[in-house]
Amino acid sequence: MGKKRSGGGLTGPQQAAKFLGVSVLSGVVLAGIAIPGAGALGLAAKGTVEGFDEIPANLKTPPLSQRTTILDSEGGLIATVYSRDRQVVPITAISPYMQKAIVAIEDSRFYEHGAIDLKGILRAVNRNAQEGGAAQGASTLTQQYVKNVFVEEAGDDETKVREAQEKSLGRKIRELKYSIQVEEELGKQKILENYLNITYFGQQAYGIESAAQRYFSKPAKDLTLDEAAMLAGVVQSPSRYDPVNDSQEATKRRNIVLQRMADVKNISQAEADAAKAKPLQLKVTKPKNGCITAVKGAGFFCDFVRNTFLDDTAFGKTREERAKVWNQGGLTVRTTLDPQSQDSVNESIKDHVDQDDKVATAVTLVQPGTGRVLAMGQSKPYGFGKNETQINFSVDKKMGGSNFGFPTGSTFKAFVAAAALEGGLPPTKMYQSPYDMDYPSPVRTCGDKPWVNTDRAKVENETESEVGPYGMKEAMAKSVNTYFVEMISEVGLCPVTEMTTKLGVIPANGAKLPEVPAIALGSEGMSPLTMANAYATFANRGVYCTPVTIESITDAHGKALTVPKSKCGRAMTERTADTINTLLLGVVDSGTGQQSGLTDRQSAGKTGTTDSRYNAWFVGYTPNMSGATWVGSGGAKQVSMENITIGGQYYDKVFGGGLPGPIWKQAVSGALSGREAPSFTTVNIPDTPSPTPGAKPSGKPNKPGKPGRDGKPGDGRPGGGTAAGPTGGNTGGTGGTGGDDPLGGITIPPGIIGGRD
């Protein structure tokens, strides 16, 4: 007996030598191996049985990784994704020619011997002994299947793959033991079926179905004799006999298979000769894997679906578990993507912003009341080339978005107004609203310490002609900065941050919204999806619904997986939502968003432009669709949108209503074409009389007022290091080149942050 390894039993070669040596010396007749159906090994020597039994045999076949299919809401294909391109099919869906060809060339005595071919084993052992190594193999189809099982189980672990493929007698013996188990449990036809589904055929095609589609663009059941022979020949060396790269070698190998089929009487010699005379006649379908292959410009939506799956505990307790399920594949994922909406978004983007422009745009549409993401597109396509990107400008950082999102400018004012109205402030409330002013101080926070304007930070309106007093309706339509700064100063910061939390308005980098008055002017970076979904709450009369992208999922066996549904809850009263809707109707009717209003139905929305015109927004909605359009710098370098050409059109200054608004208008018009046109429920907001110039309106904005005060202790945060908040108007490394502040930590005065239109 050979020596045992410390704690590990006999080595592979020792096991092989022991088994083969004892068997030969004992004159063993390997009946159970050589003869199918004979059962267990007929080993005469007790020592041989005991030695063989030391080899573990508990082969657990892993489920085969397959492609996952991602569909839109109508069942149309968006993309296929996979770690291995494979479609498992039953033996009845595989051409009889293919079955005969693979048996003829790989194991012509497959139906005659048991788990191994004794003649082949002895021949290989003798040859290898003479040459001092493992020069010749004698693997049966069953043994090859077992080897492929270990390769499949190894996945992308290169070390395990090498171990599964090593050429050694030890591996041969292990394969033998497992092969006996497989033959007893599965039988010949099932082994052949499994082998054809697991084996690699080159060109990224795993399994016969994917191979037939790759090389001949047809299902495996339709393979002809010459096609089947070619594919059977590829298996021995997919690189050497690759018909795409070396048709001559592939043809020679195919003809060897055809002749072997004739020799073993699977086909006649005449059939073989006729097939040999045919050219390869390939009809190659190139490998298509991943979201980069998505149709309808839905690459980023596809990627968002994948990230949603990997992020949701409904699909596994840990991210590793979820990744394993996703990579295993075989899923059919039906999504919320509406093809009409997606087409309209793509067309609008194409008409307004070019791929190679210095700036980019992103558009996201959602459905109020359901949270369904209907469309998602951007001007920089999904890819790795020039003017392409893998960064999804529409979503938060953790879901594949930019590092910080994009400052929203005046689109944030709707949230301030909602918090004020919810706290009891009347929609007729007037503020002095001068052209410029110091930020009022102190301002209540959620904590014990109020925010104090220690730096004498100032805020100003877009033009010197914007001088109040103004009421809420006119201030919203004109987007008067000083009005909303006075409002947030009276209402307090806590009601605003509490409202935004209810609306899912969280900075794209996942940070907490700072308690500083500058947030009223959109100083923080948000994603278009966040903004579109928050405004959908207004359309839904105050009920917020979390965004969803997945309608249903079935696994490889057709079993439905549990899919999380949108969670809805009231964020504000119907009265507050209806008032906001009335105010934002005025924005598109007679305010800064006049170029954005729809002509065939009611629409509401808000414009926004940030300092230096680095970002411009329009967030708008109808009762049955909400959408956000952002235009700005898609990379770490900020681009000022002044004296700039975008989409072939020159702009001296880009405003939220001047470019994002028309993009939104065209996208939503097409998305809703032919669909119902419900109306908003509005409220009557009287026009506020213009008081005597210089007279102060009711309320003292320099002092905290009562509306919105909840009297609850908070976390004690006074509002960050500067009056503008910690991020100011900077988007940071949105191009994926890092999260460093391109302004090098320079403090940005809040008087020049956001708030423009």
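**First stop: helix α12**

Select the buried residues of α12, namely E249, A250, R253, R254, N255, V257, L258, M261 and A262; buried means under 20% relative accessible area, exposed over 50%, and partly exposed in between (1.4 Å probe, protein chains only). Helices (H or I, at least four residues) and strands (E, at least two) are DSSP runs, numbered from the N terminus. The model is predicted, so local features need pLDDT of at least 70 and side-chain atom pairs count only at pLDDT 80 or more, whereas totals for chains, interfaces and linings use all residues. Residues are numbered from 1 along each chain as its sequence is written, and side-chain values use heavy atoms, with hydrogens and water left out.

Next, display α4 (96-106), α11 and α13 (269-276), against which the buried residues of α12 pack; contact means heavy atoms within 4.5 Å. The 17 residues of α12 should span 24 Å at 1.5 Å a residue, and the end C-alpha atoms are 24 Å apart, which agrees. The expected span is 1.5 Å times one less than the number of residues in the helix. Just after α12, select K265, which takes a positive phi of about 70 degrees.

**Second stop: α11 against α12**

Two packed helices are described by the angle between their axes and the distance between the axes. Select α11 (residues 225-234) and α12 (residues 247-263): their axes come within 8 Å and cross at roughly 110 degrees. That makes α11 roughly perpendicular to α12; angles under 35 degrees count as roughly parallel, over 145 as roughly antiparallel, 65 to 115 as roughly perpendicular and the rest as oblique. Axes are lines fitted to C-alpha atoms, for helices over the stretch in contact, and angles run from 0 to 180 degrees between N-to-C directions.

On the α11 side, show L225, D226, A229, M230, A232 and G233, which meet R253, R254, V257, L258 and M261 in α12. The residues of this contact divide into seven nonpolar, one polar and three charged. Here Ala, Val, Leu, Ile, Met, Phe, Trp, Tyr, Cys and Pro count as nonpolar, Asp, Glu, Lys and Arg as charged, and the others, Gly among them, as polar.

Stay in α11 and select E227. At 10% relative accessibility, E227 counts as buried. Leaving aside neighbours within four places in sequence, E227 is in contact with F216, K218 and D222.

Move to α6 (residues 141-154), whose 14 residues reach 20 Å from first C-alpha to last, close to the 20 Å expected at 1.5 Å a residue. Eleven of the 14 residues in α6 are buried, including Y145, V149 and E152.

**Last stop: E347**

Select E347 in helix α16 (residues 339-352). E347 is partly exposed, with a relative accessible area of 42%.
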